[in-house]
Each structure stands twice: as structure tokens, then as C-alpha cells.
Amino acid sequence: PLSVAESVASSAVKTALDLKAALIVVCTETGNTARLVAKYCPNIPIVALTAEDYVARQVAGVMKGVRARLEGSMVGTSRLLNIAALSAKEQGLAKAGDFIVAVHGAIDARPGSTNMCKVITVE
């Protein structure tokens, strides 16, 4: 059977494809969730938000189609996702009205807690 994290990751990819989302954003402490999303090779950009330098380097250097964005803290998921949406808009990855699919855990800054998939509309 799949782990909860992999089940959420595969569901996020399917949701992103079904909605023709502009982007998938992954909040990750260790890079594992980003790896699980990338495993399904969606033809959609993936941005991994992390507070760890080594995770950002690993994600950007090894995982195909995944960009890393270093954040000071992984606390405050709503704030992080709003920043990611604004950044995506500024970089031309998304425009107003586009969907972004986010993958994260219910407990901020806790490795292994991935259990949520959220759809955000870019404003």
C-alpha cells in the first residue's frame, strides 16, 4: 500500500492535471514530498518550499522539473503559499485566475506530516 504522503502526492498531481493548474507547490522539510510529486512526472512546474539549504540544493540539482525556493521558516503554511502564489505571478509561472495545487502537512515544520492537498486560485 501507498504511504499517506505518496497518496497525497499522487492525488495532487492528478488534481493539477485535471484542473490544468499552472503550478504545484510543495512545502517540504526533507525533500521527500517533492520527490514523491516529481516521481509522477507531471508536465507542470513544481516549486519546493523548504527552510533547509541542503534540501534546496538537493531538490534543484536532482529532481527533474522541480525548482527550490528557500524560506526562512516553514511555520505559517498559509503565508508561505500566498508568497509562493505572488512569486509565481511575478515570475510569469501563473496569472490571475490560474490554479495552484499545494501539498503540505497539517502540522507546520514537522517532517513526515504531509497529509493535505489544497487548490489555490491566483489573485
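**Salt bridges**

Modeller: Asp18 and Lys14 are four residues apart in helix H1, so about one helical turn separates them. Helices (H or I, at least four residues) and strands (E, at least two) are DSSP runs, numbered from the N terminus. The model is predicted, so local features need pLDDT of at least 70 and side-chain atom pairs count only at pLDDT 80 or more, while totals for chains, interfaces and linings use all residues. Residues are numbered from 1 along each chain as its sequence is written, and side-chain values use heavy atoms, with hydrogens and water left out.

Asp18 and Lys14 form a salt bridge (a side-chain nitrogen of Lys or Arg within 4 Å of a carboxyl oxygen of Asp or Glu), with 2.7 Å between their closest N and O atoms. Asp18 is exposed, its relative accessible area being 53%; exposed means over 50%, buried under 20% and partly exposed in between (1.4 Å probe, protein chains only).

The structure holds four salt bridges. Another of them joins Glu6 to Lys39, whose closest N and O atoms are 2.4 Å apart. Glu6 belongs to helix H1 (residues 4-19) and Lys39 to the loop between helix H2 (32-38) and strand E2 (46-50), so this pair ties together parts 33 residues apart in sequence. Glu6 is buried, at 11% relative accessible area, whereas Lys39 is partly exposed, at 49%.

Glu71 and Arg69 also form a salt bridge, with closest N and O atoms 2.6 Å apart. Here Glu71 is buried, with a relative accessible area of 10%, and Arg69 is partly exposed, with 28%.
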